[in-house]
Amino acid sequence: VIVVAALLITAVAPAAADPCAFDSNSASQAPTGHDAEAAALYRQIGDEEREAGDSAAATFAYREALRRSPRDQRARSALARLCVDARRTRGANSAADTAADSLGLRFDEGLRLMERGDRKGAIAAFEAVRSSTSDPSAALLEGICEYERGHDRRARTLLLEAKMEPEIAGTAQFFLGIIALRAGDSAEASSLLASARALDPRLATNASDVLRLARRDGRLVLSAFTEGGFDSNVELTPDGTITGGGSADGYGLAAIALFARPYGISGPYFRANAQYREQARITAYNLADVAGALGVRASRDGGSVVAEYAYDFIALGQSPFLSAHRLLGGGRLPLGAFSFAATYFARFESFLSAGISGYSGLRHDVEAQSDWRPGRRSTVLVGYHLGRDATKDAALGYLEHGPLAGFRLGLDRPIRFGVEGRLTLRRYGAVDPDLGVERADRYVDGAVSGELDLSEHWTVRIVGTARRALSNIADFQYTKVTASVGLVYAVGVL
Amino acid sequence: VKRAALLTLLLAVPARAQSSADDHLLAGAQYFHQERYPEALVEFRVADRMAPAGGASWYVASTLVKLKRPEEAIIVFARAEASAPADRDALLDYYHALACYDAKLYGCADRLLGGLGGQAGPRIAAQAQKIRTDLALLIAATPSTGTVDWYHNRGANTEKAGQLALAVSYYDEALRLSSLRTDGYRRMEASAALRRLQPQRKAQGATSEKGP
């Protein structure tokens, strides 16, 4: 039976898809018999398949009907109609083929340029395609390029156009969600990302990752943090100078924070936070910190400028330690895979204990940083830092500067790693009256961190830091190592 | 998957009792094996018409999955469950799950894939596990109101078109999604639609539903 069926299949196979083939070859297609009932059944199925839009199945069914009943005029007519339709479609396709080929080449060129990282060139190619025909795929890819260049408004227009095509609606919604998140509209971002995830399961993991961020962000964000850790060298002065013999201690820390930006990512914002750190042994270094800030941020197409006033009050060992006012200005400019940022602040510091009041004064700090994203989940950063501490006691003031570099990596699962290092060269402004020399220090700092998102709101954080302080005064050389494990809870309330 | 489907189909065919329908079933299986799905569909449908309770509707539905016509496949799978429940097996459930997946009925897809167990063979079991892993995040996530609305719209449209099995599937998914939301958005509405449709579907009879 299988052999017979196979032979039958071979006999009909070459003409199966072409509705015109039966007419031209009818003489050679000898009917296998006369079975009007079976022919009617095939014809009926042919009619249903034609109505369902499957012309290949309809063609096969009509042809099978005619094989069983060559005089079945209804099947013959239906097959002829399919033939005419097919020829008409082929004719229309042929006329459009040349133009389509040209557009196809431009589309392929856009893809190649996009893969090479030439977003501007890719945009020009996709734009050329879209100027000739409505092409949601070109709109999608052009939108993604514009998003990557930081042109969020233009990207949004293109992605909304692409969203109209069901096959790519999920991807378009995904990028619209990211843009909404970048604009600080976490509610809109959550809705778009959830829709993207529902429309296209292939986006599920990525959409969930970003959705997690969206649900921790918003116009009003509450967060809490608790940490336990170890510090090999607790007793340092405000400028980081060693005071004891390297007293090591463990500690526990709890912090809460509130962040509000009622008008979204652009506009005024307010931040308040408080923390308490209790040392296991060296209770004189128990620390309580209350801080608040008012600022305003202007953002557009991924870039931003910010101005902020902040106040910070710290008590150490149950005694007032520091009262500081800070003015800060900064900005960030994205350029393709790169991003450039700079901040400056002036901090008016008043140390409240008699023994360290000489450290009071005005501290200036400026830092420039460039980020490069070679891949979707990795970031390389380099920067340079310059600081000047104009203290009341001139011997405690200094000028420092030095480079910094770092690398951040996000894995497929909600795990992130970071490593950062910096070198600081510091020269004090006056001869130390006690030591009779002008002090010069070098600090080599390193930090590694790992974060694991346990859920949409909870994250475990592990941090390790190390410092090697070198000085032209041997007594000021030391090593400091810290390690901590913390748990963060963050929720976007609005 | 392709080889397993072929083997199952070819092995299943000789066991049939009705000779004429069996010929078409066998021809359909051969076409299916050769990945000539339009031809396979026609032959399976002829077999189905000749012997409506002969189980060919399972193969019609599986071929519709191959032809990327998932909603029609779901309708035919529902008909097959009613007309030839004894012919159901793990491989056909796998195709049914793919139809649900393609129609964005993720709860249905996960339920069917989860029920395959070890009967499906190692390759299909591995494939099913991979799909279930992809689905895990999807089916546990809290849906947006827009997502719930989309399923209600599909339910209403298919109900209007007389495709009650499909409408039930969409409302069923809408109900599942509403249950994931703390506000139970449109949950009562989905329950009411299912209460309304289930008796209608039974009264209408599995064979008369609009579809392939």
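Because the model is predicted, local features need pLDDT of at least 70 and side-chain atom pairs count only at pLDDT 80 or more, while totals for chains, interfaces and linings use all residues. Residues are numbered from 1 along each chain as its sequence is written, chains are lettered from A and ligands numbered from 1 in the order in which they are written, and side-chain values use heavy atoms, with hydrogens and water left out.

**Exercise 1. Describe the fold of chain B: how many helices and strands does chain B have, and what percentage of its residues is buried?**

Step 1. Start with the elements, which are DSSP runs numbered from the N terminus (helices: H or I, at least four residues; strands: E, at least two). Chain B has eleven helices and zero strands, so the order from the N terminus reads α-α-α-α-α-α-α-α-α-α-α.

Step 2. Turn to burial, where buried means under 20% relative accessible area, exposed over 50% and partly exposed in between (1.4 Å probe, protein chains only). Of the 212 residues in chain B, 53% are buried.

Step 3. Look at contacts, meaning heavy atoms within 4.5 Å. Taking the contacts in chain B between residues at least 6 apart in sequence, 60% join residues at least 24 apart.

Step 4. Finish with the surface, computed by the Shrake-Rupley method with a 1.4 Å probe, where for residues only the protein chains shown count as cover. The accessible surface of chain B is about 9000 Å², and carbon and sulfur atoms hold 53% of it.

**Exercise 2. Work out what the side of chain B that touches chain A is made of, and which element gives the largest share.**

Step 1. Count the residues: 29 of chain B are in contact with 32 of chain A.

Step 2. Take the buried area, which is the accessible area (1.4 Å probe) that two parts lose on being put together, summed over both. Chains B and A bury about 2600 Å² between them, with 63% of it on carbon and sulfur atoms. In chain B, the residues that lose the most area to chain A are Val42(B), Arg49(B) and Leu137(B), together 19% of what that side buries.

Step 3. Count the polar contacts, which are pairs of N or O atoms within 3.5 Å; within protein, one must be able to donate a hydrogen and the other to accept it, and residues adjacent in sequence count only if both atoms are side-chain atoms. Seven residue pairs between the chains qualify, with both residues at pLDDT 80 or more.

Step 4. Assign the elements. Helices α2 (19-33), α3 (37-50) and α8 (122-140) of chain B each give two or more residues to this side, and α3(B) supplies the largest share, nine residues.

Step 5. Sort by type, with Ala, Val, Leu, Ile, Met, Phe, Trp, Tyr, Cys and Pro as nonpolar, Asp, Glu, Lys and Arg as charged, and the others, Gly among them, as polar. This side of chain B divides into 14 nonpolar, six polar and nine charged residues.

**Exercise 3. Follow the charges around Glu49(A): which residues does Glu49(A) contact, and which residues share its salt-bridge network?**

Step 1. Glu49(A) lies in helix α3 (residues 36-52) of chain A, and Glu49(A) counts as buried because its relative accessibility is 0%.

Step 2. List its contacts. Leaving aside neighbours within four places in sequence, Glu49(A) is in contact with Asp54(A), Ala57(A), Ala58(A), Leu41(B), Arg45(B) and Arg69(B).

Step 3. Apply the salt-bridge rule: a side-chain nitrogen of Lys or Arg within 4 Å of a carboxyl oxygen of Asp or Glu. Glu49(A) pairs with Arg45(B), the closest N and O atoms being 2.3 Å apart, and its side chain makes a polar contact with that of Arg69(B) (2.8 Å).

Step 4. Move on to Arg69(B), which forms a salt bridge with Asp54(A) (3.0 Å, N to O). Arg69(B) sits in the loop between α4 (56-66) and α5 (70-83) of chain B and Asp54(A) in the loop between α3 and α4 (55-68) of chain A, so the pair joins two chains. Both Arg69(B) and Asp54(A) are buried.

**Exercise 4. Compare two salt bridges within chain A: where do their partners lie?**

Step 1. Lys480(A) and Asp231(A) meet in a salt bridge (2.8 Å, N to O). Lys480(A) is in strand β14 (residues 478-492) and Asp231(A) in strand β1 (residues 220-231), 249 residues apart; both are buried.

Step 2. Arg426(A) pairs with Glu400(A), the closest N and O atoms being 2.9 Å apart. Arg426(A) is in strand β11 (residues 415-431) and Glu400(A) in strand β10 (residues 398-410), 26 residues apart; both are buried.

Step 3. To close the network question from Exercise 3, salt bridges that share partners join Glu48(A), Glu49(A), Asp54(A), Arg45(B), Arg49(B), Arg69(B) and Glu72(B) into one network.
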